Amino acid sequence: MTNNSLPKHEFTLIADDIRFEKGNKISLMGIYGEEIVVESLPAILLKLCFFTRISGGDGECQIKVSLKGPDGNDLFMSMKEQTLALKGGMANITNVVSPFQLPKEGKYTYSIFLNGMEFFSIVLTAQKGVIS
């Protein structure tokens, strides 16, 4: 796939759960902003879900994702690349990390790679705080 045919990143949402509903609907529960606040650390979340919408592009591309902790170590890396066939429309990339361990406060980076090159990344900050 050439650079001219790469898709465009539309958005990425991070949530507690992703549900695939009847009627081709997708529900996201417990959407996070830029921070995950927990009462104490280390913490374990039942799930952490990533939903990304891309659009455009043409042809096939290889997708791989990773999630790195504050120290730069991989907390999650897709074991093998997935092939995505792009036909100019929209596509969704979903990843669920379950359970998700937060060993300490800091910045966690979720990245999507297309054809071995970083396509998009988002930084999520984990911190200890009062949950109301």
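Modeller: Start with arginine 19, which is partly exposed, with a relative accessible area of 43%. Keep in mind that this is a predicted model. Arginine 19 forms a salt bridge with aspartate 17. Their closest N and O atoms are 3.1 Å apart. Aspartate 17 has a relative accessible area of 16%. Buried means under 20%, so aspartate 17 counts as buried.

Lysine 47 is partly exposed, at a relative accessible area of 31%. Taken together, Asp17, Arg19 and Lys47 are linked in a network of salt bridges.

The structure holds three salt bridges. One of them joins aspartate 74 and lysine 68. Here the closest N and O atoms are 2.8 Å apart. Aspartate 74 is partly exposed, at 40% relative accessibility. Lysine 68 is partly exposed too, at 32%.

Now the rings. A pair of aromatic rings is described by the distance of the centres and the angle of the planes. The structure holds three aromatic pairs. Among them is the pair of phenylalanine 11 and phenylalanine 51, which is tilted. Its centres are 6.0 Å apart, with 35° between the planes. Phenylalanine 11 lies in strand β1 and phenylalanine 51 in strand β5, so the pair ties together parts that are 40 residues apart in sequence. Phenylalanine 11 is partly exposed, with a relative accessible area of 31%. Phenylalanine 51 is buried, at 4%.

Phenylalanine 100 and tyrosine 108 form another of these pairs, an edge-to-face one. The centres lie 6.2 Å apart, and the planes make an angle of 70°. Phenylalanine 100 is buried, with a relative accessible area of 2%. Tyrosine 108 is buried as well, at 2% relative accessibility.

In soluble globular proteins, nonpolar side chains tend to be buried together. The largest nonpolar core has 26 residues. Leu48, Ile63, Phe100, Leu102 and Ile112 touch the most other members. Take leucine 102, leaving aside its neighbours within four places in sequence. Its contacts are Ile36, Val38, Leu41, Pro42, Ala43, Leu45, Tyr108 and Ala126. Tyr108, in that list, is also the ring partner of phenylalanine 100.

Last, back to strand β1, where threonine 12 lies. Threonine 12 is buried, with a relative accessible area of 12%. Its side chain makes polar contacts. One, of 2.8 Å, is with the side chain of histidine 9. Another, of 2.9 Å, joins the side chains of threonine 12 and threonine 52. Leaving aside neighbours within four places in sequence, threonine 12 is in contact with Phe51, Thr52 and Phe120. Phe51 is also the ring partner of phenylalanine 11. Threonine 12 and phenylalanine 50 are 38 residues apart in sequence, and their C-alpha atoms are 6.9 Å apart in space.

Conventions. Residues are numbered from 1 along each chain as its sequence is written. This is a predicted model: local features need pLDDT of at least 70, side-chain atom pairs count only at pLDDT 80 or more; totals for chains, interfaces and linings use all residues. Side-chain values use heavy atoms; hydrogens and water are left out. A salt bridge is a side-chain nitrogen of Lys or Arg within 4 Å of a carboxyl oxygen of Asp or Glu. Buried means under 20% relative accessible area, exposed over 50%, partly exposed in between (1.4 Å probe, protein chains only). Rings of Phe, Tyr and Trp (its six-membered ring) pair if their centres lie within 6.5 Å; planes under 30 degrees apart count as stacked, over 60 as edge-to-face and the rest as tilted. Helices (H or I, at least four residues) and strands (E, at least two) are DSSP runs, numbered from the N terminus. A nonpolar core is a set of buried Ala, Val, Leu, Ile, Met, Phe, Trp, Tyr and Cys residues joined through side-chain atoms within 4.5 Å. Contact means heavy atoms within 4.5 Å. A polar contact is a pair of N or O atoms within 3.5 Å; within protein, one must be able to donate a hydrogen and the other to accept it, and residues adjacent in sequence count only if both atoms are side-chain atoms.
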